[in-house]
Amino acid sequence: MTSTALAGAPDVDALDWSKGDGLLPAVVQDAATLRVLMLGYMDRAAYAETLRRGQVTFFSRSKNRLWTKGEQSGHVLELVSIETDCDSDTLLVMAHPHGPTCHLQRPSCFPGAPAGVLAELDALIATRARERPEGSYTTRLLEGGIRRIAQKVGEEGVETALAGVVQDDDALLGESADLLYHLIVLLRARDLSLTDVERVLRTRGG
């Protein structure tokens, strides 16, 4: 992304730069898993550079300069969206991390930061689809083709329905987990993801 504007991003002059001596705290969240990744600070220049490059850029208080996350490691944060809080003095940045965010090689600077289990599973299956590691059940499914995967989704759907009628809660939960896994594999085999399904759900009013 190289555009100087991002749809939905607050205008720089609408932000309250006065409270923190020209710096706004910026909480970065993984756009896929919703895990909180890190906290940094942006000044006007860092904010503008983030929008211009499409890579999250901060003002480093220790280096006293602009600092694009991953400028040395390559573990950049690809910008998805930015919004502000109700006081316009804190930023929420949604991004796709390219590699671990933490310098300790962890996904997040907060070791216990939770993430959506389904989103993590979707990301793992996407990795399996790209790399096709030998011995992986997901690899075998993908190499068996879409028809075979669709058949498995159908089988797991029937087993889930039967468990809902005649088996106990543990059986229903186990079959539901199997169904969700195979459904995600089917989506990835069609170059789709859970995010695409979520987009459809948001258009429905329930």
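Predicted model: local features only at pLDDT ≥ 70, side-chain atom pairs only at ≥ 80, totals over all residues.
Aspartate 191 is exposed, with a relative accessible area of 71%, where exposed means over 50% relative accessible area, buried means under 20%, and partly exposed lies in between (1.4 Å probe, protein chains only). This residue is found in the loop between α5 and α6, and helices here are DSSP runs of H or I with at least four residues, while strands are runs of E with at least two, both numbered from the N terminus. The phi angle of aspartate 191 is near 60 degrees, a positive value in a residue other than glycine. Most residues other than glycine have a negative phi.

Residues are numbered from 1 along each chain as its sequence is written, and side-chain values use heavy atoms, with hydrogens and water left out.

Asparagine 64 is another residue other than glycine with a positive phi, near 60 degrees. Its place is in the loop between β3 (57-60) and β4 (65-68), and asparagine 64 is exposed, with a relative accessible area of 59%. In the neighbouring numbering, the charged end of lysine 63 sits over the ring of tryptophan 67, 5.5 Å from the ring centre; a charge sits over a ring if NZ of Lys or CZ of Arg is within 6 Å of the ring centre and within 35 degrees of the ring normal.

Charged side chains can also meet one another. Side chains of opposite charge can pair when their charged atoms come close. A salt bridge is a side-chain nitrogen of Lys or Arg within 4 Å of a carboxyl oxygen of Asp or Glu, and by this rule the count comes to 12 salt bridges. One of them joins aspartate 13 and arginine 44, at 3.0 Å from N to O. That pair links distant parts of the chain, since aspartate 13 is in the segment before β1 (24-30) and arginine 44 is in helix α1 (residues 44-53), 31 residues apart. Aspartate 13 counts as exposed at 57% relative accessibility, whereas arginine 44 is partly exposed at 42%.

Other salt bridges lie within a single helix. Glutamate 198 forms a salt bridge with arginine 202, the closest N and O atoms being 3.9 Å apart, and both residues lie in helix α6 (residues 194-202), four residues apart, about one turn of the helix. Glutamate 198 is partly exposed at 39% relative accessibility, while arginine 202 is exposed at 65%. Within helix α4, glutamate 156 and lysine 152 lie four residues apart, about one turn of the helix, and their side chains meet in a salt bridge of 3.8 Å, N to O. Both glutamate 156 and lysine 152 are buried.

Helix α4 (residues 146-166) also holds valine 165, which is exposed, with a relative accessible area of 68%. Together with Val158, Leu162 and Val166, Val165 forms a nonpolar patch on the surface, with about 410 Å² of accessible area in total. Patches are made of residues with over 30% relative accessible area and no salt bridge, with like charges joined within 9 Å and nonpolar side chains (Val, Leu, Ile, Met, Phe, Trp, Tyr) within 5 Å; the areas come from the Shrake-Rupley method with a 1.4 Å probe, and for residues only the protein chains shown count as cover.

Aromatic rings can be followed next. Rings of Phe, Tyr and Trp (its six-membered ring) pair if their centres lie within 6.5 Å, with planes under 30 degrees apart counted as stacked, over 60 as edge-to-face and the rest as tilted; by this rule the count comes to three aromatic pairs. One of these is stacked, because the rings of tyrosine 137 and tyrosine 181 have their centres 6.0 Å apart and their planes at 25 degrees. The pair links distant parts of the chain, with tyrosine 137 in helix α3 (residues 137-144) and tyrosine 181 in helix α5 (residues 169-189), 44 residues apart. Tyrosine 137 is partly exposed at 35%, but tyrosine 181 counts as buried at 15%.

Finally, a disulfide is a pair of cysteine sulfur atoms within 2.5 Å, and a search of the whole structure finds zero disulfides. Cysteine 102 is in no disulfide, and the nearest cysteine sulfur, that of cysteine 109, is 4.5 Å away. Cysteine 102 counts as buried at 4% relative accessibility, whereas cysteine 86 is exposed at 75%.
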